[in-house]
2 protein chains.
Amino acid sequence: MTQPSHKALVPFVSVDNMMRLIHHIGIEPMLRELAGYIEEDFKRWELFDKTPRVASHSDVGVIELMPTSDGEAYGFKYVNGHPKNTREGLQTVTAFGLLADVHTGYPVLLTEMTILTAMRTAAMSALAARYLAPRDARVMAMIGNGAQSEFQCLAFHALCGVETVRLYDTDPAATAKTARNLAKTALSVVPCTSPEEAIEGAQIITTCTADKQYATILTDNMVGSGVHINAIGGDCPGKTELAPAILKRSDIFVEYPEQTRIEGEIQQMPADHPVTELWQVITGQAKGRRDARAITLFDSVGFAIEDFSALRYIRDRIKGTDMFEPLDMLADPDDPRDLFGMVQRAKV
Amino acid sequence: MTQPSHKALVPFVSVDNMMRLIHHIGIEPMLRELAGYIEEDFKRWELFDKTPRVASHSDVGVIELMPTSDGEAYGFKYVNGHPKNTREGLQTVTAFGLLADVHTGYPVLLTEMTILTAMRTAAMSALAARYLAPRDARVMAMIGNGAQSEFQCLAFHALCGVETVRLYDTDPAATAKTARNLAKTALSVVPCTSPEEAIEGAQIITTCTADKQYATILTDNMVGSGVHINAIGGDCPGKTELAPAILKRSDIFVEYPEQTRIEGEIQQMPADHPVTELWQVITGQAKGRRDARAITLFDSVGFAIEDFSALRYIRDRIKGTDMFEPLDMLADPDDPRDLFGMVQRAKV
């Protein structure tokens, strides 16, 4: 066997190593650090290649590649979405990601991204809320208690000082699961039996449900002034969570308007409905919360730059640890023109 | 540590295992089998998603994703192109690929593709020649003796009955390298000191040089009637190998006109210059070689479907072997809604 050179080996973070890394760093510190990397990248938003995602649709789902680059590094995420998978004991969404060096084109990181995406989505939500939610918000309603819910709750605790989460799901078993998972954390957890009960006293409302059709998780009369809505469940054409009347009363903040107008809550609104790009709030070019009475809405669909930030973070964070394996993925002949000779010499 | 389920483990073929697989099967049998898979996919050409490649350009190179799907499987290749890399002891091109199940969105194969791409490119060239070259062709000129050259020569031996290869490169050391590598094969090898000498008596001319600007490896007077030209070096905007006068005299066959008009030799011709799609020749819908005097030209740039065929082939061929490793790449909680619980339980 020929020994591959150093650069031919790509560091790989398995699911097992991702979980080890999370416990090594701690979930809340990691959510804070991830938010820091995302914030950094949103501050240099204009630098990025903003290619739309490349989607391959079938009757039962979609497979997408989400590439982007800051001119130094290049990253992409592979992600599928197959709602019928759960009935077969499989995940609706699985993901992995790759980071490469733009200067050489060599990959420098391959990593699981199912868990990492849950972490970066939660970090993104809480980062947006830090710019948009009322400063004194301590209570959050968490509507939709699926795979993302605990990560959201902990991110709002770690980054925004939320102390109480009020949980609601159409399936009480999901609420019980989330309550059980959060029982040992610093959060006060209040399981609720209706969305109306969940939003009582909440200054932040997070909606994260998996409904496919135009659903109305929040109706207009449920949303009072001064509230921040973090809407992450509406993320593809035909999938929304909020009544249009709420959108009309809200100041709407988005990641990338071109994508959000197709995939987000605002797909229900005219194409010229005013929105503010979050990166401009983060750089100070645009206003976030106008006043204490405004309803702010982060209409989040997930954008490639957030995955890029997460990949950068993992690349930096695994340095000096044993939480990755070197993968012999790149052929590396001594003489670049002699690929055939390398293959021949491997013959035993 | 939580044990990942069967489907969460993605078979990975490393560079080392790809070389083992090649020697296990034999290079020439593998080239023939690969050509068979490509031929099968060209026969069902219309079934495929034909997304253009997604390229990210920088000053020094390009990183591309080439996805496609036949409705059952989905594949993509990551490939970079950095000509300056060789000066730094790195590969100009590295590649890896992934195959996934369209029905579940789960990846089913991750593999190195630097070596595999060399194999599939050679198989593609020889497959095209079987439909286009004179039947009695036994002598091939191989102009450009880089990393691809030995694979080309062996594929034309295995698939087209070529017995003699006449080698030429501007760098005599490259020719010596290719001659040395082919010395132990069944081919007669004739090193030449000029392109004119190399094409003497050759019924097939393969050009595979790495020149970046519009180069003229073959001039008009060098190409006689009845010859088949296999032009694989012109594969990006600004990179061509043939004099336009040759193109005017040739029947031109291409993989995918939309891509070849941008990247191939025919970028030198008007946008409506007539070409024939190779898949139509393979299915019998279009004529290949008209007569013994025609000059046929396969203006090859490499298309995603060829990589897809190669990925399908490797997936089938590693079954029952130990030439892959299971990669713990997909998070797989017992309860799909309980990703957080899975992460928590991994805490030691």
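This is a predicted model: local features need pLDDT of at least 70, side-chain atom pairs count only at pLDDT 80 or more; totals for chains, interfaces and linings use all residues.
## Where the chains meet

Chains A and B bury about 6700 Å² between them, and 69% of that sits on carbon and sulfur atoms. Three residues of chain B stand out here: B:Gln91, B:Arg337 and B:Phe340 supply 11% of the area that chain B buries against chain A, more than any other three residues. The contact draws 78 residues from chain B and 78 residues from chain A.

On the polar side, 31 residue pairs are in polar contact between chain B and chain A, counting pairs with both residues at pLDDT 80 or more. Helix α11 of chain B (residues 339-345) gives the largest share of the side of chain B that touches chain A, with six residues. Sort that side by class and you get 41 nonpolar, 22 polar and 15 charged residues. As for salt bridges, the rule finds two across the interface. A salt bridge also links the side chains of A:Arg337 and B:Asp171, with 2.7 Å from N to O.

## Helix α2 of chain B

Helix α2 of chain B covers residues 27-43, 17 residues in total.

Quite a list of residues is buried in α2(B), including B:Ile27, B:Met30, B:Leu31, B:Leu34, B:Ile38 and B:Phe42. The buried list also takes in B:Glu28, B:Glu39 and B:Asp41. In an α-helix there are 3.6 residues a turn, so residues three or four places apart point the same way.

What sits over these buried residues? From chain B, the cover includes α1 (15-25), α3 (114-132), α4 (149-160), α9 (278-282) and α10 (304-317).

B:Asn17 belongs to helix α1 of chain B. Its relative accessibility is 6%, so B:Asn17 counts as buried, the cut-off being under 20%. The side chain of B:Asn17 makes a polar contact of 2.7 Å with that of B:Arg20. Leaving aside residues up to four places away in sequence, B:Asn17 touches B:Asp322, B:Met323, B:Phe324 and B:Glu325.

B:Thr111 is in strand β6 of chain B (residues 107-112). With a relative accessible area of 0%, B:Thr111 is buried as well. Again setting aside residues up to four places away in sequence, B:Thr111 touches B:Val13, B:Met18, B:Phe96, B:Gly97, B:Leu116 and B:Leu311.

Note on methods. Residues are numbered from 1 along each chain as its sequence is written. Chains are lettered from A and ligands numbered from 1 in the order in which they are written. Side-chain values use heavy atoms; hydrogens and water are left out. Helices (H or I, at least four residues) and strands (E, at least two) are DSSP runs, numbered from the N terminus. The expected span of a helix is 1.5 Å times one less than its number of residues. Buried means under 20% relative accessible area, exposed over 50%, partly exposed in between (1.4 Å probe, protein chains only). Contact means heavy atoms within 4.5 Å. Buried area is the accessible area (1.4 Å probe) that two parts lose on being put together, summed over both. A salt bridge is a side-chain nitrogen of Lys or Arg within 4 Å of a carboxyl oxygen of Asp or Glu. A polar contact is a pair of N or O atoms within 3.5 Å; within protein, one must be able to donate a hydrogen and the other to accept it, and residues adjacent in sequence count only if both atoms are side-chain atoms. Ala, Val, Leu, Ile, Met, Phe, Trp, Tyr, Cys and Pro count as nonpolar, Asp, Glu, Lys and Arg as charged, and the others, Gly among them, as polar.
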